[in-house]
Structures are given as structure tokens and as C-alpha cells.
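Please follow the explanation below with the sequence and the structure side by side.

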Amino acid sequence: SFPGDIDLLIIPFEADELVLSMALAIELKVVRATFKRQDKSPNQYGFSQANALLNCGLPYVAVAHLIVSDDSPEENWEDAFITSVINTRRGTCSGPQQIKNDQMPAHLIGRSFGRLVANCPKKSIGLLATYVSDNNLWFPQGKRALFNTKTSIRTMDAVADYYYANATGFFETKRY
């Protein structure tokens, strides 16, 4: 029933105790852009489901846009600089070298995050725009979620019940 599923549920723990008051529910949306359609946005931003999760009483709620795209043609690549780490202990790097690089992922992240900020209905909703790639790392843009003033003990109890019934389905869980 409404609000539907929770795409990603993060429940922190200290020692072997769940910290339910810090639980974070994230609504994920995929943005499938192309070089020719760089202004692509998801069919829905995810805010209606995020609002419903807040109204249900989850402590923290966020919307994340995961961006995928094709590559730009090389003639559209931009100048960038790279260095190599020489010594990690001393923190030294080689001098910067100029290269041509496909910067479209960085532009897509900026555009997506700008749309999230412009359309976000509540300050408490966390926001994230990130590019998903097999071969490169891109810096995401985000805004942290704020504590939900409508947090419900009943909802946190339901989250705990769900966790205990499905703990093997969670990553990095201390319990199992």
C-alpha cells in the first residue's frame, strides 16, 4: 500500500544494537541520458514517495538519482588535468598533465542535482545525484537529510521487526 516500497533502507548500529532513530529510507530513480538528450530527467523525481515515507514516520528520507548515459563523441571532450600519487605517506603527487576527457557525466550530475534542489518540496528530504560507471569515478552532489519531526515510534518498531525477520537480506549486518 502507499507509499509503496523502500528502495534502499539503511539502519545504523552501534555494537549489536540497531540505532532506529537514525534509519534512512532512500527513494532511487534512474536517469537514462544520452549525448543527444542530456537534459533527460526521470519520469518522476521521487518526491511523492519521499513525502509518503516522511508521513509514515521514518526518521530520515532521501531521493537519489542514479545517472547512466552513453559516451560523448571525442570531439566534444574537454580539457582536464590528472596527476599520479607518488608517495601516499608524504602526500606527494606528480605534476598535473593535461588530457582530453569526457566531462558529460559531471555536467549530468550538476544538472540532475539542480533539478532535485529546484523541485524538492521539503527541506528535510536528502538529495543525491550521482553517475554510475564501470570505469570512472565521478564526484556526486548531495544534500543531507534532516531529522523528520513526524518520526513515529510505531514506524521504527516496524522497521526493527522487518530487520529481524529479514536480517540476512541486509549488507554488513552485525547480527548475521
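Predicted model: local features only at pLDDT ≥ 70, side-chain atom pairs only at ≥ 80, totals over all residues.

Buried here stands for under 20% relative accessible area, exposed for over 50%, and partly exposed for what lies in between, with a 1.4 Å probe and protein chains only. The helices (H or I, at least four residues) and strands (E, at least two) are DSSP runs, numbered from the N terminus. I11, leaving aside its neighbours within four places in sequence, is in contact (heavy atoms within 4.5 Å) with L18, L20, V159, Y163 and F170.

Residues are numbered from 1 along each chain as its sequence is written, and side-chain values use heavy atoms, with hydrogens and water left out.

Five strands form an open sheet of mixed pairing in the order β1-β4-β5-β10-β11, where two strands pair if DSSP finds at least two bridges between them. Because β1 (8–10) and β11 stand at the edges with a single partner strand each, one side of each is left without a neighbour in the sheet. Within the sheet, β4 and β5 run parallel and are joined by 9 bridges, and I26 has A62 in β5 as its bridge partner.

Across β4, β5, β10 and β11 lies α2, running at about 160° to β10; axes are lines fitted to C-alpha atoms, for helices over the stretch in contact, and angles run from 0 to 180 degrees between N-to-C directions. The buried residues of α2 include M104, L108, S112 and L116. Seen down the axis, the buried residues of α2 fall within an arc of 165°, so they line one face of the helix, the arc being that of the directions from the helix axis to the C-beta atoms.

In α3, the buried residues are T155, M156, V159, A160 and Y163. They cover an arc of only 145° around the axis, which puts them on the same side of α3, and they pack against β1, β3 (17–18) and α1. The face turned away from this buried side carries the exposed residues R154, D161 and A165.
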